[in-house]
Amino acid sequence: MEDYSSAFQAIGLDAKTVDNLLKSKKKAAELMDVIKEAGVTNGCDRAMGNLLYNVSTMVPTSARAYRPAVLKLVVEGKIKSNLQITEAVSYLKKLPANAVLDQAALETACGAGIEVTEEEIKDAVNALIEKNKEALMTQRYCFPISQLMYAMKEGRMKWADGKKMREIFDAAILALLGPKTAADTEAMESGKKKGKKDAKKKVETVEPEVEKEKEGFEGRDLETSKNSAELIAQHLKATGGKIRCRFPPEPNGYLHIGHAKSMYLNFKGAFERVGKEGETVLRFDDTNPEAEKLEFIDNIKEDVTWLGWKPCQVNFGSDNFDKLYEFAVQLIKMGKAYVDHQTPEEIKRSREIAQECSREGGRKDLNPESPWRNRSVEENLRLFEDMRKGKFAEGEATLRMKIDMRSPNPCMWDPVAYRIKYINHPHVGDKWCIYPSYDFQHCLVDSLENIDYSLCTLEFEVRRESYYWLVDQLNVWRAYVWEFGRLNITNTVMSKRKLKTLVADGAVRGWDDPRMPTIKGLRRRGFTPEGINAFCAAISASRTTETTIDWARLEHFARLALDPVAPRAFAVLDPVKVVLTNRPAHFLEALHAPLFPKDPAKGARELPYQRVLFVDRRDVKAEDEPKFLGLAPGRIVSLRYADVVHCDEVVCDEKGEVREVRCTVLGEEEKRAALAHKDRKLGSIHWLAGAKVGEEPRRGEVRLYDHLFTTKNPAAEKDWKKSLNPTSEVVVPNAMLEASLLGRKAEDHVQFERLGYFCVDKDSREDHIVYNRTCALHS
């Protein structure tokens, strides 16, 4: 890909970005196509090059035909920011299939050609500060200043340089309030608002569109997403200006590494992006009683705690069932919801008609609406009450939101708000026989919990319109929705359905099998919270549809976390007897080896050393080979923390299997002479000996884990179970273990020198210890 490399460097991409691109033929080819379409094969400045790179990664296949129109705006200098690229792509995604592009509409959507001057920014900042001057002067730095930035990205200001706006805004605040004093700091830390009793005036901000370039969250904004000044004031009163996120798992399975990424973003990453401290709610989205269990609820709580996250509240969506029912009644009274009796087959047919009606050039004379869509408010109220009282069988009636059956977005086709299920709920018992849908409850509970940032994976992006439609209709607080790419890890599957199949089929030991990508599985394998969170921090969150990370990268962060805390020890997995022929039969010494070779001050462990000891079979060969550093006839090897020996003989059985190695311990003079004439570097191998003369070392079980699947992306295969790795777990039932490895408790971490990081498995007993390999020492 030499031509690619030169072309990428010519548009100003840095070396790291170029290297990453060249690892993916598809991405590299995509960017090369963009460069050719833009007509900059001879290069361009770095700013334009970064925009071209973003176009290549963000424009979906479905909108590829419109890509040249976006590139033309970039080359002409009418698009100058990543925000404009994001808005252009969002506009293209909303176009029906095969639609004719409206160039003017595209340019309006992405602010093409708009130049916001520094004077305009100053005027907007001064006007905003003047509007809130009294509250600012009273509360000083206790005033939620960052909230004021919400009002700055409106109209033309949306396209202003975010960095320049921040500089002007900060300078204006400093000019008004002066430097932050010790008293300001004390008041902020204690949570006391200076002059709070006198600052009764409502904060006069406007719609809180997030200032994306500063906040770090870029997405598709809608008019219905904007809060009124009154809602903002109510929200700030409830939160005290503290940013609030939520982690909302559905308790229908065990959490996996993808959820760990979401946890990191919601408990820490979001606040780092915003540059302000905040708090996070752990909320169980428990609207589907059929799939949810207390087992899953308890394990999710345990996983969140184990990873080190401390929610400000632990809530259940079902805690709000009474309020959600009131919202549903309110929606019916507004004429925005109706009770429907269509069967699943009839709903499917109406959706097919809706798809035809919304298609460019499709038939507009067809009617996709339910025959019960236009019932009277009174009838809908009565029927919905009958649903609540259990007068209908399951499937006989649903409550649907009355949105738009002709919208190009299928999520707007009158989604279900309530359905009937005669099943006990794991949290609220049998109080209800009607349950809200995810689409109905999720956005409303975000509002009830005063969530600022509703962060979810990108498959929910299409639901953004229905999300904001509902909160807008009910005129309640609307969180800022931002979607990020789903995390995939190579050589495993992340689908709960597929993971459940592996457990049910007995392909793994259970949800906590060390080969599983679940938090429980990773924990049992020996991964630490510090390693997992560091991994999540490093991969960050972006609006790429899917982020696929090599398993080796997760192991890299495991090693970084384990290296300073895992004491060293010896283990011999496949032992071969070694006899030191020039040591007497009764020879026995106690040697000492550091627990942490880089920091001997942390202590040492005792190693018995005698005439007969054991080494690993992989460190012995019947005949020497080039570059081999172990024991072979004529080779000189260092026994780690002990002597340097000369291999005199390797004894094999009739099958050629090594049975015994006979060595001579070299004296100091012999050692110096031998090392002076060595033809390769001195090998150093680990070993073990019994605690008493003639006694073998203690034994234990060691489980060696490898990838669960042999292919990088098994989920993409039709028969995904076919690529299960038959050697993903290799059990060594009678490995020899150093004495310091015995008597440890489950989840204790150690490093088997030269072999990798291991931890004690929960299957261990007092008389039988079991170790799991977390990862090798090197990838």
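Guide: At the start of helix α7, which covers residues 103–110, a side-chain oxygen of aspartate 102 comes to within 3.2 Å of the backbone nitrogen of alanine 104. This is a predicted model, and the distances given here are computed from it. After α7 comes glycine 111, with a positive phi near 65°.

Cysteine 110, within the range of α7, is buried, its relative accessible area being 0%. The closest cysteine sulfur to that of cysteine 110 belongs to cysteine 44 and is 18 Å away, which is too far for a bond. The structure as a whole holds 0 disulfides. Cysteine 759 is likewise in no disulfide, the nearest cysteine sulfur being that of cysteine 775, 11 Å away. A pair of cysteine sulfur atoms would have to lie within 2.5 Å to be counted as a disulfide. Cysteine 759 also counts as buried, because its relative accessibility is 0%.

The positive phi of glycine 111 leads on to backbone angles elsewhere. Most residues other than glycine have a negative phi. Arginine 754, although not a glycine, has a positive phi of about 75°. With a relative accessible area of 27%, arginine 754 is partly exposed. Asparagine 475 is another residue other than glycine with a positive phi, here near 55°. Its place is the loop that runs between α21 (464–474) and β9 (480–484), where asparagine 475 is partly exposed at 48% relative accessibility.

Helix α21 itself contains glutamine 473. Leaving aside residues up to four places away in sequence, glutamine 473 touches Leu331, Met334 and Lys336. Between glutamine 473 and leucine 331 the separation is 142 residues in sequence, yet their C-alpha atoms are 7.8 Å apart in space.

Serine 318 counts as buried, because its relative accessibility is 4%, under the 20% limit. Its side chain makes a polar contact of 2.6 Å with the side chain of aspartate 286. The residues that serine 318 touches, not counting those up to four places away in sequence, are Asp286, His425, His427 and Val428.

These local details belong to a chain with 26 helices and 26 strands. Its C-alpha trace spans about 100 × 65 × 60 Å along the principal axes. Of the 779 residues in the chain, 52% are buried. Among contacts between residues at least 6 apart in sequence, 72% join residues at least 24 apart, and the touch between glutamine 473 and Leu331 spans 142 residues in sequence. The accessible surface amounts to about 35600 Å², with 49% of it belonging to carbon and sulfur atoms. As for charge, the chain carries 122 positive and 121 negative side chains, and the centres of these two sets are 1 Å apart.

Technical notes
Residues are numbered from 1 along each chain as its sequence is written. This is a predicted model: local features need pLDDT of at least 70, side-chain atom pairs count only at pLDDT 80 or more; totals for chains, interfaces and linings use all residues. Side-chain values use heavy atoms; hydrogens and water are left out. Helices (H or I, at least four residues) and strands (E, at least two) are DSSP runs, numbered from the N terminus. Buried means under 20% relative accessible area, exposed over 50%, partly exposed in between (1.4 Å probe, protein chains only). Contact means heavy atoms within 4.5 Å. Accessible areas come from the Shrake-Rupley method with a 1.4 Å probe; for residues, only the protein chains shown count as cover. Lys and Arg count as positive and Asp and Glu as negative; His and the chain ends are not counted. The place of a charge is taken as NZ of Lys, CZ of Arg, CG of Asp or CD of Glu. A polar contact is a pair of N or O atoms within 3.5 Å; within protein, one must be able to donate a hydrogen and the other to accept it, and residues adjacent in sequence count only if both atoms are side-chain atoms.
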